[in-house]
Amino acid sequence: MGRYGSGQAVRRIEDAALLAGRGLYAGDATLPGQTWLVFVRSPHPHARIGAIDVSAARAMPGVLAIFSGAELAAAGVKPIPGGGLPRADGSPCASPPRRALAHEVVRYVGEPVVAVVAESREGAREAAESVMIDYEPLPAVVDTLQAVRPGAPVICPEAPDNISAETRYGDAKATAAAFESAVHTVSIDVENQRLAPSPIEPRSVLAAFDEKGGRLTMRLSTQMPTAVREGLAAAIPGLTSKNVRVVVGDVGGGFGMKTGCYPEDIAVGYAALKVKRPVKWVAERIEEFLSAVHGRDSVSRAELALDR
């Protein structure tokens with residue numbers, strides 16, 4: 001550990017190329033015939049999705065495709081697998097399905113609902129702004145303590161108490177007896193801060209599908225390319241870990257948030273398969289913040305993200 005453990009100085013080998021302008025970040029990469037994807041995101045912390053009208057957006061020049069959560073679900077695109085510690089009663093870890101695009105219900109502000117693909121980023125943005133979505137707002141809860149109190153709004157039926165998982169260690173009876181026999185006891189409330197990593201480089205995805213070879217290539221700003229590959233193969237029908245390639249160049253910071261497969265990664269990969277052209281998405285700063293908060297806080301959601 002003294003020689004190879006965490007915290008040891010590591011000589012940097014990338015500086016010469018970066019200082020000379022020879023670096024390649026995901027947001028800088030381009031491909032011939034590249035298209036752009038922009039998401040329409042939920043303005044509600046919790047709501048039922050009603051009618052989605054994309055007629056105006058579809059008629060705009062340069063728009064190539066528009067996808068909804070219902071379409072992806074019908075096509076067999078699966079949610080990102082959950083998992084983790086079991087609940088207190090021994091049942092599996094419970095959490096809402098995390099889909100590439102929300103289907104039927106949105107559960108946090110900024111959840112992707114519709115994806116628009118167009119010839120240019122500006123065209124995709126304009127078309128996304130013309131998408132009309134009817135929402136039926138549902139009760140929401142932000143504070144963690146309020147979320148586990150009786151009568152709190154339920155995030156998913158599998159966890160009616162809003163507790164995703166719970167675990168205990170040691171001898172509960174012996175511990176209780178020790179407190180009962182103690183001369184003095186001290187009680188303290190410990191509040192865990194909400195984390196929102198903010199690297200210099202936003203998340204970015206460039207997907208291209210080779211029809212002849214049957215291979216999907218994804219260039220991402222990620223810290224875990226293998227996990228992204230496995231996540232894509234598990235979510236999108238017809239893909240396996242053998243026909244998905246994830247390429248990572250330079251990464252402008254991650255701090256633990258550029259790990260695993262995100263909903264946007266699946267949506268961009270699926271769009272590339274459908275439009276049969278390269279598809280690129282680069283996160284706006286507010287998208288970056290919302291994804292980070294949601295990814296790190298599975299009980300209390302990102303409803304306050306826009307205010308921060």
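In the predicted model, Trp36 stands opposite Lys280 of strand E10. Strand E1, residues 35-41, pairs with E10 in the parallel sense, and two bridges join them. Strand E7, residues 204-210, also pairs with E10. Here the sense is antiparallel, and the bridges number four. In this pairing Leu206 stands opposite Lys280.

Strand E10 covers residues 279-282. Val279 and Trp281 point one way from the strand. Lys280 and Val282 point the other way. In a regular strand, side chains alternate between the two faces of the sheet. Val279, Lys280, Trp281 and Val282 are all buried.

Charged side chains were examined next. The structure has eleven salt bridges. One of them joins Arg48 and Glu136, with N and O 3.4 Å apart. This pair links distant parts of the chain. Arg48 sits in strand E2, residues 47-53, and Glu136 in strand E6, residues 132-137. The two residues are 88 residues apart. Arg48 is partly exposed, at 38% relative accessible area. Glu136 is likewise partly exposed, at 44%.

A salt bridge also forms between Arg168 and Glu166, whose closest N and O atoms are 3.2 Å apart. Arg168 has a relative accessible area of 70%, so this residue counts as exposed. Glu166 is partly exposed, at 27%.

Glu264 and Arg203 form another salt bridge, with an N to O distance of 3.2 Å. Glu264 lies in helix H8, residues 263-275. Arg203 lies in the loop between helix H6, residues 172-181, and strand E7. The pair therefore ties together parts that are 61 residues apart in sequence. Both Glu264 and Arg203 are buried. Salt bridges with shared partners join Arg41, Arg203, Glu264 and Asp265 into one network.

The structure contains zero disulfides. Cys93 is in no disulfide. The nearest cysteine sulfur to that of Cys93 belongs to Cys156, 9.1 Å away. A disulfide requires two cysteine sulfur atoms within 2.5 Å. Cys93 is partly exposed, with 22% relative accessibility. For Cys261, the closest cysteine sulfur is that of Cys93. The two sulfurs are 18 Å apart, so they are too far for a bond. Cys261 has a relative accessible area of 12% and is therefore buried.

Definitions and conventions. Residues numbered from 1 in each chain as written. Predicted model: local features only at pLDDT ≥ 70, side-chain atom pairs only at ≥ 80, totals over all residues. Heavy atoms only, no water. Buried < 20%, exposed > 50% of the residue type's maximum accessible area, 1.4 Å probe, protein only. Pairing = 2+ DSSP bridges. Salt bridge = Lys/Arg side-chain N within 4 Å of Asp/Glu carboxyl O.
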